[in-house]
Amino acid sequence: MNLFRNVVFIAAIAGLVAGVVLACMQAYATVPLILKAEVYEQAGGGHSHDHAAAPAATGTTAMSTAAPAEAAASAEDEGWAPADGFERFAFSVLANIVTGVGFALILVAVSEFAGGIGNWRQGVFWGLAGFAVFTLAPGLGLPPELPAMPAADLTQRQIWWWATVAATAAGLGLIAFRKSLPLAILAVALIVTPHIVGAPQPGSYETAIPEGLHHQFVVAVTVTNLVFWVVLGAVVGVVRGRFTGTATSLRDSFA
Amino acid sequence: MTAASVSLGASVSSQSRFMQLALAALLGVFVMGFVGFSHIDAVHNAAHDYRHSMAFPCH
């Protein structure tokens, strides 16, 4: 399991770095917009998704042991939730790092099949591919959404999301690594099909969220993810280069 | 790290190589799926801002 261990090691470092970078960007770019949207959510009162229900006063008087209990009590029907403020931020950072490692594992494993990411520049291109697969393609049908926005059934949207990711990844892989016209046509078909089928849409698009706020959020999510993927790919390239000593070239397989 | 001179696992057989890489990718999918897509309320609430910020289907 030598290879497996090396892949996990590289992915852990790259995921940690890119996850921390993403968490910092989110703290400034996306989370403030989510908090703004939750104000509309609570004003509307329609949706029962209230994180902000934990009274701010408890945070100042009680220590961390009491604060989650308060939050849990106020959101009983939705189970445990982190208290607003530091705890909520800390869990977001944790989620960023853990999934950063997850994305990195996928990126490193897949790129090893194609000869590996030799240096930071190749890493940037692999990162752009990851961005296209995991953010751009699913984001076309299911744009980033704010709390209190209408959406179709969760499970159906998740299935569409995963299917789109898989089809786009397969399509890009065929274009990049197979030098055949029929396969390239098949690849384009694969990439386009999920959007012809169409993402599950809500019955009504009515929402209390102003369109300007939503648009801002879509831009913020897309740009932060772009930077995340470029950083992730570049760090994988650098760490792997250190690991192997020599930078192997992708040129042979990349045509 | 003994054999990692050119690629990450130059010495392992191609079948073992495939298995190990597939396993690593599967682990990554599992980690992502749990944090970003699990329907467990506590997991959803803990990673709520993250899910929205990544445009994962949420709620």
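This is a predicted model: local features need pLDDT of at least 70, side-chain atom pairs count only at pLDDT 80 or more; totals for chains, interfaces and linings use all residues.

Student: How do I begin with a pair of helices?

Tutor: Two packed helices are described by the angle between their axes and the distance between the axes. Take helix 2 and helix 9 of chain A: their axes come within 10 Å and cross at roughly 155 degrees. Because of that angle, helix 2 of chain A is roughly antiparallel to helix 9 of chain A.

Student: Is the crossing of helix 2 of chain A with helix 9 of chain A left-handed or right-handed?

Tutor: Helix 2 of chain A passes helix 9 of chain A in a left-handed crossing. On the helix 2 side, A:Leu33, A:Lys36 and A:Ala37 make the contact, while helix 9 brings A:Leu213, A:Gln216, A:Phe217 and A:Ala220. Sorted by class, this contact has five nonpolar, one polar and one charged residues.

Student: At what angle do the axes of helix 6 and helix 9 of chain A cross?

Tutor: Those axes cross at roughly 145 degrees and come within 7 Å. Helix 6 of chain A passes helix 9 of chain A in a right-handed crossing. The residues of helix 6 in this contact include A:Trp120, A:Gly123, A:Gly127 and A:Phe131, and those of helix 9 include A:Trp229, A:Gly233 and A:Val236. Here the classes are twelve nonpolar, ten polar and no charged.

Student: Now the chains. How many residues does each chain put into the contact?

Tutor: Chain A gives 57 residues and chain B gives 37 residues. Several helices of chain A supply at least two residues each to the side that touches chain B, among them helix 1 (2-29) and helix 7 (154-177).

Student: Which helix of chain A gives the most to that side?

Tutor: Helix 5 of chain A does, with 17 residues. By class, the side of chain A that touches chain B has 31 nonpolar, 21 polar and five charged residues.

Student: Which residues should I look for in the largest nonpolar core?

Tutor: That core has 69 residues, and those touching the most other members include A:Val7, A:Val108, A:Leu232 and A:Val236. Elements giving two or more residues to this core include helix 5 and helix 9 of chain A, together with helix 1 (14-37) of chain B.

Student: What does A:Val108 touch?

Tutor: Leaving out residues up to four places away in sequence, A:Val108 touches A:Val7, A:Ile10, A:Ala11, A:Val236 and B:Ala24.

Definitions and conventions
Residues are numbered from 1 along each chain as its sequence is written. Chains are lettered from A and ligands numbered from 1 in the order in which they are written. Axes are lines fitted to C-alpha atoms, for helices over the stretch in contact, and angles run from 0 to 180 degrees between N-to-C directions. Helices (H or I, at least four residues) and strands (E, at least two) are DSSP runs, numbered from the N terminus. A crossing is left-handed if the near helix is turned anticlockwise from the far one by less than a right angle, and right-handed if clockwise. Two residues are in contact if their C-beta atoms, placed from the backbone, lie within 7 Å. Ala, Val, Leu, Ile, Met, Phe, Trp, Tyr, Cys and Pro count as nonpolar, Asp, Glu, Lys and Arg as charged, and the others, Gly among them, as polar. Angles under 35 degrees count as roughly parallel, over 145 as roughly antiparallel, 65 to 115 as roughly perpendicular and the rest as oblique. A nonpolar core is a set of buried Ala, Val, Leu, Ile, Met, Phe, Trp, Tyr and Cys residues joined through C-beta atoms within 7 Å. A residue is buried if 20 or more other C-beta atoms lie within 10 Å of its own, exposed if 12 or fewer, and partly exposed in between; C-beta atoms are placed from the backbone.
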